[in-house]
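This briefing is for a reader who is new to the structure shown below. Please look over the sequence and the model before reading the points that come after.

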Amino acid sequence: MGADRSGRTVVSGAPSRLIADAMLGKLARWLRTLGYDCAFEPGIADDDILKRAVDEGRVILTRDTLLIQRRAARGRTIFIESDSVSCQLKQLSRLFGINAEGFLTRCLRCNVPLEQLDKEAARGKVPPYVFATQDRFSMCTRCSRIYWGGTHKVRMIEAIERMLKGGGG
Ligand SMILES: [Zn+2]
């Protein structure tokens, strides 16, 4: 990441850490679903976004034209062009090639990486049908939410692929 002469952010490869502004909660959730580290706090003020971006080395995703003009935002901001989350994902895909390699490796609620959970440890903590039909579980170390794959995972990946490939957006 850097800035070109007009102050526009130049992206080379996917930024490892992102922060979404208060308008981009849906996008942040999809990015987390795909395994990207994307901070998001509902109602966060611009000053706090800038502070976290600088302190934590995050690239800012924003729809806010005032925010991108702030000096501290220079070279660390991607202006999101559309209100539609599928268009937003497509824009990021054009910029740094979004993929689903890290699908469901991060807690959607806490934005922290999940850890593998032994099947036995999931017993009694997930619905019996899920326990009987799934073999791979992972858990958030912060909120203890348990995740698993299955048909849910297939459907979500299909939805993501439709969003990234669909025409018009
Ligand atoms: Zn969590």
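The points below go from the whole chain to the sheet, then to a helix and several loop residues.

The model is predicted. Its protein chain has seven helices and nine strands. Of the 169 residues in the protein chain, 27% are buried.

**Whole chain**

- The count of secondary structure elements in the protein chain is seven helices and nine strands.
- Among the contacts in the protein chain with a separation of 6 or more, 53% are between residues 24 or more positions apart.

**The four-stranded sheet**

- Four strands form an open sheet in the order β4-β3-β5-β6, and the pairing is parallel.
- The edges of this sheet are β4 (37-39) and β6, each of which pairs on one side only.
- On average, neighbouring strands of the sheet are turned by 25 degrees against each other, with direction ignored.

**Strand pairs within the sheet**

- β4 and β3 are joined by three bridges and pair in the parallel sense. In this pair, R17 stands opposite D37 of β4.
- Strand β3 (residues 17-20) runs parallel to β5, and three bridges join the two. L18 has V59 in β5 as its bridge partner.
- Strand β6 (residues 77-79) also runs parallel to β5, again with three bridges between them. Here the bridge partner of I60 is T77 in β6.

**Strand β5**

- Strand β5 spans residues 59-62, and both of its faces are covered.
- On one side of β5, V59 and L61 are buried.

**Helix α1 and the residue after it**

- Helix α1 covers residues 25-33, and its buried residues are L27, A28, W30, L31, R32 and T33.
- G35 follows α1 and has a positive phi, near 95 degrees.

**Loop residue G43**

- The loop between β4 and α2 (46-56) contains G43.
- G43 counts as exposed because 7 other C-beta atoms lie within 10 Å, and the cut-off for exposed is 12 or fewer.
- G43 and A22 are 21 residues apart along the chain, and their C-alpha atoms are separated by 5.3 Å.

**Two loop residues with positive phi**

- L104 is a residue other than glycine with a positive phi, near 50 degrees. L104 sits in the loop between α4 (85-96) and β7 (114-117).
- Is L104 buried or exposed? L104 has 21 C-beta neighbours inside 10 Å, so it counts as buried, for which 20 or more are needed.
- S144, also a residue other than glycine, has a positive phi near 70 degrees. The loop that holds S144 runs between β8 (137-140) and β9 (146-148).
- Is S144 buried or exposed? S144 has 11 other C-beta atoms within 10 Å, so it is exposed, the limit being 12 or fewer.
- In short, L104 is buried, whereas S144 is exposed.

How values were computed: Residues are numbered from 1 along each chain as its sequence is written. This is a predicted model: local features need pLDDT of at least 70, side-chain atom pairs count only at pLDDT 80 or more; totals for chains, interfaces and linings use all residues. Two residues are in contact if their C-beta atoms, placed from the backbone, lie within 7 Å. Two strands pair if DSSP finds at least two bridges between them. Axes are lines fitted to C-alpha atoms, for helices over the stretch in contact, and angles run from 0 to 180 degrees between N-to-C directions.
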